[in-house]
Amino acid sequence: MRCRRPRRPDRHIPIIAFHGNADQIVSYNGGVGPVGQNLPASDGSPRTAGQQMGDPGAAGEIISTQSVPDQAAAWAARNGCGSTPAVERVAADVTRTVYPCAAGGSTELYTVEGGGHNWPGGDASTVQELIVGHQTRSISATQIIWDFFRSHPLEGPIAS
């Protein structure tokens, strides 16, 4: 559950993210959700993630306290993208937010309305909805990511 703040890259980094706005583990609004509060701390101590989040400076070491849309906007800014994204509905329960970016700096966020902490379009038989929340079958994150990587190949080092 560790999510360090990214350092500024030397070049644009294509970013694609998927997040449910009802995720009870990693909150769409930032920080650890109510279910995530009770998970084990990432530092190996006998504490919970919620107790660890209470430590000064720990918030940025565990998970961002920024909302998911704010994190996408921050990546778009790092990639030199415009600040006004286009938002389109790609399924009944999924929206895609795309920032206008120069070549190589694509920043996209797929928001699953009512979605929990799971893989969109994944194998529903392995999902424990009572714990991780609703899983959409409207899109396939696997196919979307594969198409994204094919259209955004990276060569060479990202940072020096």
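Trainee: Which residues does Pro120 touch, not counting residues up to four places away in sequence?

Mentor: Contact means heavy atoms within 4.5 Å. By that rule, Pro120 touches Phe18, Val112, Thr136, Ile139, Ser140 and Ala141, not counting residues up to four places away in sequence. Please note that this is a predicted model, in which local features need pLDDT of at least 70 and side-chain atom pairs count only at pLDDT 80 or more, while totals for chains, interfaces and linings use all residues. Residues are numbered from 1 along each chain as its sequence is written, and side-chain values use heavy atoms, with hydrogens and water left out.

Trainee: Is Pro120 buried or exposed?

Mentor: Buried means under 20% relative accessible area, exposed over 50%, and partly exposed in between (1.4 Å probe, protein chains only). Pro120 has a relative accessible area of 4%, so this residue is buried. Its place is the loop between E4 and helix H4 (129-132).

Trainee: How many helices and strands does the chain have?

Mentor: Helices (H or I, at least four residues) and strands (E, at least two) are DSSP runs, numbered from the N terminus. Here there are 5 helices and 4 strands, in the order β-α-α-α-β-β-β-α-α from the N terminus on. Of the 160 residues, 41% count as buried.

Trainee: To which strand is E1 joined, and by how many bridges?

Mentor: Two strands pair if DSSP finds at least two bridges between them. E1 and strand E4 (residues 107-112) run parallel and are joined by 6 bridges. Ile15, for example, has Thr107 in E4 as its bridge partner. Strand E1 (residues 15-20) is mostly covered, with 5 of its 6 residues buried.

Trainee: Which residues make up the largest nonpolar core?

Mentor: A nonpolar core is a set of buried Ala, Val, Leu, Ile, Met, Phe, Trp, Tyr and Cys residues joined through side-chain atoms within 4.5 Å. The largest one has 11 residues: Ile16, Phe18, Ala91, Val94, Tyr110, Val112, Ile139, Ala141, Ile144, Ile145 and Phe148. At least two residues of this core come from each of E1, E4 and helix H5 (141-151), and H5 gives the most, with 4 residues. Apart from this core lies another, of 7 residues, among them Val68, Ala72, Tyr99 and Leu109.

Trainee: Which residues of helix H3 are buried?

Mentor: An α-helix has 3.6 residues a turn, so residues three or four places apart point the same way. In helix H3 (residues 68-78), the buried residues are Val68, Ala72, Trp75 and Ala76. Seen down the axis of H3, they fall within an arc of 100°, so they line one face of the helix; the arc is that of the directions from the helix axis to the C-beta atoms. Their cover includes E1 and E4.

Trainee: What follows H3?

Mentor: H3 is followed by Gly80, whose phi is positive, near 70°.

Trainee: Where does Thr97 lie, and what does this residue touch?

Mentor: Thr97 lies in strand E3 (residues 94-98). With 12% relative accessibility, Thr97 counts as buried. Leaving out residues up to four places away in sequence, Thr97 touches Pro85, Ala86, Val87, Thr107, Glu108 and Leu109.
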